[in-house]
Amino acid sequence: QDTTIQQCLALRPSSVQVRHIISRHKRIGQAKSVVASLTAAVSTQKMKTYTFVSFVFALIFQAGPFVLATEAGALASSTKSFGGYDYPNLYDEAMPMLWASKLVYSFAKLLEAGREGSLDLGDTFPPEVLAAYKDERLDVRDLGEGNGLSFTAVLKIVVANAENLKKIEPEFEYVAKMIEKIQAVENADESSDELFLETFSSIDAATQCVYGVLKDTKNKRVTVVFRGSTDFSTRDWQTNLSAQLEGMKTPKLLKDGLEGELKKRVLVHRGFYEYIFDNKRAKGDQRYDMILNDIKPFVEQGYKIYVTGHSLGAALSSLLAFKLAGSDKSWIPKPVTCISYASPMVGTDGFRTAFTLLEQMGHIRYLRVNNDADTVPTIPPFSLGLKRRLMKHVGINLRLSDDSFILSHPNSNGWGFVNAVRNSVLKPVWSVLKYHSLQTHEDRMDAQKERLQHMNLDDLYANEELFGTPKTSLCG
């Protein structure tokens, strides 16, 4: 304890340093003792106020009902079967979602360059695809005997256009390494292809969100992946900034379990909601209706539904997963799994209440991954407009740092505001891009690979200390 206090006073630490020091003092009794001693010590030391506050907040945060990396290994085994479906361990389930969330950016750039004529895709795209993609969205579900465009074929396209892609993809080296990893997974079973692209909707990116649908025949899952924000030629940033509240109809499967206004609607971020469900600028079907049409054939073949995305794409994936999981459409299998990266907040306390009820009903599994120094997951802290409400996160949070991680859930976490303070006020602005990037997420997950491979998302939900007891909100 004395050593810890001396470290904090001598270093005048950042909140990151404080967190690493405090991680050694996880027990509540130790935490209270350190706080008391430090409070007395501060009166005789010139310690910056915000540093002391961040230290106390971080200490309380760490001493609360969280699962630290050093304790996580005992929670779950590597692979578990739930409801007749074999779910991978936490690392093997989350990493393919990260790869998809990154590649959706690169593939959209590739198609855009081809449509604009800066890339000649004539010798690299299948002829039947070339005939349509310049004027229509990419729909390749009929290729490969109904399997779609195999990852092997996509890889050939990328390799053939490598030199040109370097000009339009700033993170090409990272993307190339990622493709090598995916190829290694694919080559583990050389008997047949396992990964396929089914549809890719980016031709109307100026007015609608970009998404793709992927199929994994080995793990029997169909994945909807949303692209995050790009530049100002799209509506992405307008969507991000439209932080007023929108009433989203409460999914039918939830109405009997909620009270008051929540039986009718939950309040969510207007920009995110409209991008999928009520886009006034959409020509033709809304994205939600298109996605239902895209995934239904595969779901009817026994595939589970996964949804993923990064940043803006993570917010959209949260809302889509919520809608699908609460739907009474008989053909939509439960649970729906959402694994997102660096998601901003998407709804108010009422949305969180409804979302948590879906988790308790076993209709949704949600792992929300973020880096501990990323500012984006702390915004918007409250909605815009006349009636401002605090915005809330949902799902099980995997919070990554350089040398460890923390798992938490809103049911057992009363320190959302502290999270926001630690991530924004106490972090240098220049660090935002680094900690928001998927590469940093991947590096940190790789550093914790062994521990994460001994955990399973369903076991985390079964952990009462982590999942806690739901809070009730009737105001929305």
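A polar contact of 3.3 Å joins the side chains of Tyr211 and Arg137. The model is predicted. Tyr211 sits in strand E7 (residues 211-216). Its relative accessible area is 0%, so Tyr211 counts as buried. Beyond its sequence neighbours up to four places away, Tyr211 touches Arg137, Thr199, Phe200, Ser201, Val224, Val225, Phe226, Arg287, Met290, Ile291 and Asp294. Ala108 is 103 residues away from Tyr211 in sequence, yet the two C-alpha atoms are 9.1 Å apart.

In soluble globular proteins, nonpolar side chains tend to be buried together. The largest nonpolar core here has 112 residues, and Leu138, Phe226, Leu319 and Met445 touch the most other members. Helix H6 (residues 90-116) contributes the most to this core, with 15 residues. Setting aside neighbours within four places in sequence, Leu319 contacts Met248, Val268, Phe272, Tyr273, Ile276, Phe277, Val346 and Phe351.

Now the charges. Side chains of opposite charge can pair when their charged atoms come close. The structure holds 16 salt bridges. One of them joins Asp372 and Arg444, with the closest N and O atoms 3.1 Å apart. This pair links distant parts of the chain: Asp372 lies in the loop between strands E13 (364-371) and E14 (396-400), Arg444 in helix H19 (residues 438-447), 72 residues apart. Both Asp372 and Arg444 are buried. Shared partners also join Arg137, Asp139, Arg141 and Asp294 into one salt-bridge network.

Lys166 and Glu163 form another salt bridge, at 3.4 Å from N to O. The two lie 3 residues apart in helix H10 (residues 162-168), so about one helical turn separates them. Lys166 is partly exposed at 40%, and Glu163 is exposed at 55% relative accessible area.

Technical notes:
Residues are numbered from 1 along each chain as its sequence is written. This is a predicted model: local features need pLDDT of at least 70, side-chain atom pairs count only at pLDDT 80 or more; totals for chains, interfaces and linings use all residues. Side-chain values use heavy atoms; hydrogens and water are left out. A nonpolar core is a set of buried Ala, Val, Leu, Ile, Met, Phe, Trp, Tyr and Cys residues joined through side-chain atoms within 4.5 Å. Buried means under 20% relative accessible area, exposed over 50%, partly exposed in between (1.4 Å probe, protein chains only). Helices (H or I, at least four residues) and strands (E, at least two) are DSSP runs, numbered from the N terminus. Contact means heavy atoms within 4.5 Å. A polar contact is a pair of N or O atoms within 3.5 Å; within protein, one must be able to donate a hydrogen and the other to accept it, and residues adjacent in sequence count only if both atoms are side-chain atoms. A salt bridge is a side-chain nitrogen of Lys or Arg within 4 Å of a carboxyl oxygen of Asp or Glu.
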